[in-house]
Amino acid sequence: KSTMIGRGNMLSVKNGKSSSSSSLNMIFERMSEDCISALVTAQNEAARLGQSKVGTEIMTVGIIDHPENARKVLQGYGMTLRKARSTVNEMFQNDEDDESSDSGA
């Protein structure tokens, strides 16, 4: 199983272990498959929102979507994937609105 991480960094996951063809090898080797999946989801969310970086608010969406323990804890506080996505969408929509008003558009 291979996944693209970042700009062209290929990550291969085999038997619960990961390896990377980039200098990020040591970092990803220590991550669980759930953690890597959360990162991939967050990266996809950032791309969907037109963001060049994955911030903590977008990473939260990835965490809610993948690691079962984190999902259970967050859902215990009423946080769901749908609510997190909605909140992040609103945050970035407001950022775009602020930028438009600043530029006089």
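The model described here is predicted. Its chain contains 5 helices and 3 strands.

**Overall layout**
- Read from the N terminus on, the elements follow the order β-β-β-α-α-α-α-α.
- The chain has 105 residues, of which 29% count as buried.
- Where contacts link residues at least 6 apart in sequence, 33% of them join residues at least 24 apart.

**Helix 2 with helix 3**
- On the side of helix 2, the contact involves A38, L39, T41, A42, E45 and A46; on the side of helix 3, the partners are I58, M59, V61, G62, I63 and D65.
- By type, the residues of this contact between helix 2 and helix 3 comprise 8 nonpolar, 2 polar and 2 charged.

**Helix 3 with helix 4**
- Helix 4 spans residues 68-76 and packs against helix 3 at an angle of about 105°, with 7 Å between the axes.
- Angles of 65 to 115 degrees count as roughly perpendicular, and helix 3 and helix 4 are therefore described in that way.
- Helix 3 contributes I63, I64 and D65 to this contact, while helix 4 contributes A70, R71 and L74.
- The residues where helix 3 meets helix 4 divide into 4 nonpolar, no polar and 2 charged.

**The nonpolar core**
- The largest nonpolar core consists of 12 residues, namely A38, A42, A46, L49, I58, M59, V61, I64, L81, A84, V88 and F92.
- V88, one of the core residues, touches L49, E57, I58 and V61 when residues up to four places away in sequence are not counted.

- S37 belongs to helix 2. Its relative accessible area is 18%, which is under the 20% limit, so S37 is buried.
- S37 and H66 are 29 residues apart along the chain, yet their C-alpha atoms are separated by 6.5 Å.
- A70 is located in helix 4. A70 has a relative accessible area of 24% and is partly exposed.
- Between A70 and T60, which are 10 residues apart in sequence, the C-alpha to C-alpha distance is 9.8 Å.
- N89 lies in helix 5. With a relative accessibility of 30%, N89 counts as partly exposed.
- N89 is in contact with R48 and L49, its neighbours within four places in sequence being left aside. The C-alpha atoms of N89 and L49 are 7.4 Å apart, although 40 residues separate the two along the chain.

Definitions and conventions. Residues numbered from 1 in each chain as written. Predicted model: local features only at pLDDT ≥ 70, side-chain atom pairs only at ≥ 80, totals over all residues. Heavy atoms only, no water. Contact = heavy atoms within 4.5 Å. Helix = DSSP H or I, 4+ residues; strand = E, 2+ residues; numbered from the N terminus. Nonpolar A, V, L, I, M, F, W, Y, C, P; charged D, E, K, R; others polar. Core = buried A, V, L, I, M, F, W, Y, C linked by side-chain atoms within 4.5 Å. Buried < 20%, exposed > 50% of the residue type's maximum accessible area, 1.4 Å probe, protein only. Axes fitted to C-alpha atoms, helices over the stretch in contact; angles between N-to-C directions. Parallel < 35°, antiparallel > 145°, perpendicular 65-115°, else oblique.
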